[in-house]
Amino acid sequence: MRRRTQAKVSTPPGGSPVGWTLYSTALKCWRMFFLRYMMGLTTPTTPPELLIGSIYHALMDGKDEGEIKSWGSEWVEHFQTGKALYDERTRPERPPLPKVFVSEQTAEMPEGNTLHGRFTSKPDRIEGKGNQRSIREFKTAGTLHDADDLRWAIDGEVIGEMITTGVNDVTVDIITKGEQTRVRQLQVTMTEKKRSAWLGLIEDLVLQIRHRVFEYERNPIEAAEDLHFPRSLPSCVSYGGTVCPFYTYCWTEGASKLLYKKKPNTAWRERLLG
């Protein structure tokens, strides 16, 4: 596969301003939403599995080795692992990758929609031409599961991308990170039931976010923080053993909290609270 030449950037590519990550964070845990988006806290390090996935995505998007390594020492440390996934996915015997129409471009909700300006998406790539376009989302996973097709068929990120772009078909392109690398492609198609459920969910979350933020900021004390942005205990440690990146901040005292740095992000406030 020919790699496209792109202008060098000095920082890793970011997500969309008010994308699925923001809303799914609120769904998962209101305290995590508070720490990440209102306090602007970032964790001391990025989990290796996320870095490896990001490196893989960057390579699939045409970024070169020098550019990716310029993003920091942790990117250098995990580059070869991400590159190995890229090499596996682009082997001739793997499923072919159609011609790219556009990649990593932010899409907005249509004008006139009540969510215009309040939700954005950033598909990995849109492929094809004319009326034959489809979205491709690259995903990395530790293993494949029997219910993957059911999960991705109603995934909020995927449905949001279809609604914002007007493209009704998505290929979820999954590669495993285990010893035996496997590739699975799942086809997802938009339906009216999915559209209605997704729009209702996001509209409700917009209302909840606005209400919780306004009520908290009227009297920003610890009691209000607990009331409007409570911890979701089941999200602290999953049954699979995944630990929330803010576990230490929430459940320990003292100097450990100083490991979390502030990196304010106000784009979401301008869009949701303005």
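User: What volume does the largest cavity have?

Analyst: About 70 Å³. A cavity here is a set of points on a 1 Å grid over the protein atoms alone where a 1.4 Å probe fits but cannot get out. Grid points are joined across faces, edges and corners, and the volume is the space filled by probe spheres set on the points. This is a predicted model, where local features need pLDDT of at least 70, side-chain atom pairs count only at pLDDT 80 or more, and totals for chains, interfaces and linings use all residues. Residues are numbered from 1 along each chain as its sequence is written, and side-chain values use heavy atoms, with hydrogens and water left out.

User: How many cavities are there of 30 Å³ or more?

Analyst: The count is 2.

User: Which residues line the largest cavity?

Analyst: The lining includes Cys29, Arg31, Met32, Leu35, Arg231 and Ser232. Cys236, Cys244, Phe246, Tyr247, Cys250 and Trp251 are also among the lining residues. A lining residue has an atom within 4 Å of a cavity point.

User: Which helices each supply at least two residues of that lining?

Analyst: Helix H2 (30-38) and helix H11 (247-251). Helices are DSSP runs of H or I with at least four residues, strands are E runs of at least two, and both are numbered from the N terminus.

User: What is the lining like by class?

Analyst: It has 9 nonpolar, 1 polar and 2 charged residues. Ala, Val, Leu, Ile, Met, Phe, Trp, Tyr, Cys and Pro count as nonpolar, Asp, Glu, Lys and Arg as charged, and the others, Gly among them, as polar.

User: And the second largest cavity, what lines it?

Analyst: His57, Met60, Asp61, Glu104, Asp124, Arg125 and Phe138. The volume of this second largest cavity is about 40 Å³. Its lining has 2 nonpolar, 1 polar and 4 charged residues.

User: Asp61 is in that list. Which residue does Asp61 form a salt bridge with?

Analyst: Lys63, with the closest N and O atoms 3.0 Å apart. A salt bridge is a side-chain nitrogen of Lys or Arg within 4 Å of a carboxyl oxygen of Asp or Glu.

User: Is Asp61 buried or exposed?

Analyst: Buried, at 9% relative accessibility. Lys63 is buried as well, at 8%. Buried means under 20% relative accessible area, exposed over 50%, and partly exposed in between (1.4 Å probe, protein chains only).

User: Arg125 lines that cavity too. Which salt bridge network is Arg125 in?

Analyst: The network links Arg125 with Arg89, Glu127, Arg136 and Asp173.

User: How many salt bridges are there?

Analyst: The count comes to 20. One of them joins Arg91 and Glu93, with the closest N and O atoms 2.2 Å apart. Arg91 is partly exposed at 33%, and Glu93 is exposed at 52%.

User: What about Asp87 and Lys83, how far apart are their closest N and O atoms?

Analyst: 2.9 Å, in a salt bridge. Both residues sit in helix H5 (residues 73-89), 4 residues apart, so about one helical turn separates them. Asp87 is partly exposed at 35%, as is Lys83 at 23%.

User: Switching to the surface. Which residues make the nonpolar patch?

Analyst: Leu233, Val237, Val243, Tyr247 and Trp251, over about 470 Å². Patch residues have over 30% relative accessible area and no salt bridge; nonpolar side chains (Val, Leu, Ile, Met, Phe, Trp, Tyr) are joined within 5 Å, like charges within 9 Å. Areas come from the Shrake-Rupley method with a 1.4 Å probe.

User: Where is Leu233?

Analyst: In helix H10 (residues 233-236). Leu233 is exposed, at 57%.

Key. 1 Å grid on protein atoms, 1.4 Å probe; cavity = no way out; pocket = protein on both sides within 12 Å on 5 of 7 lines; lining within 4 Å.
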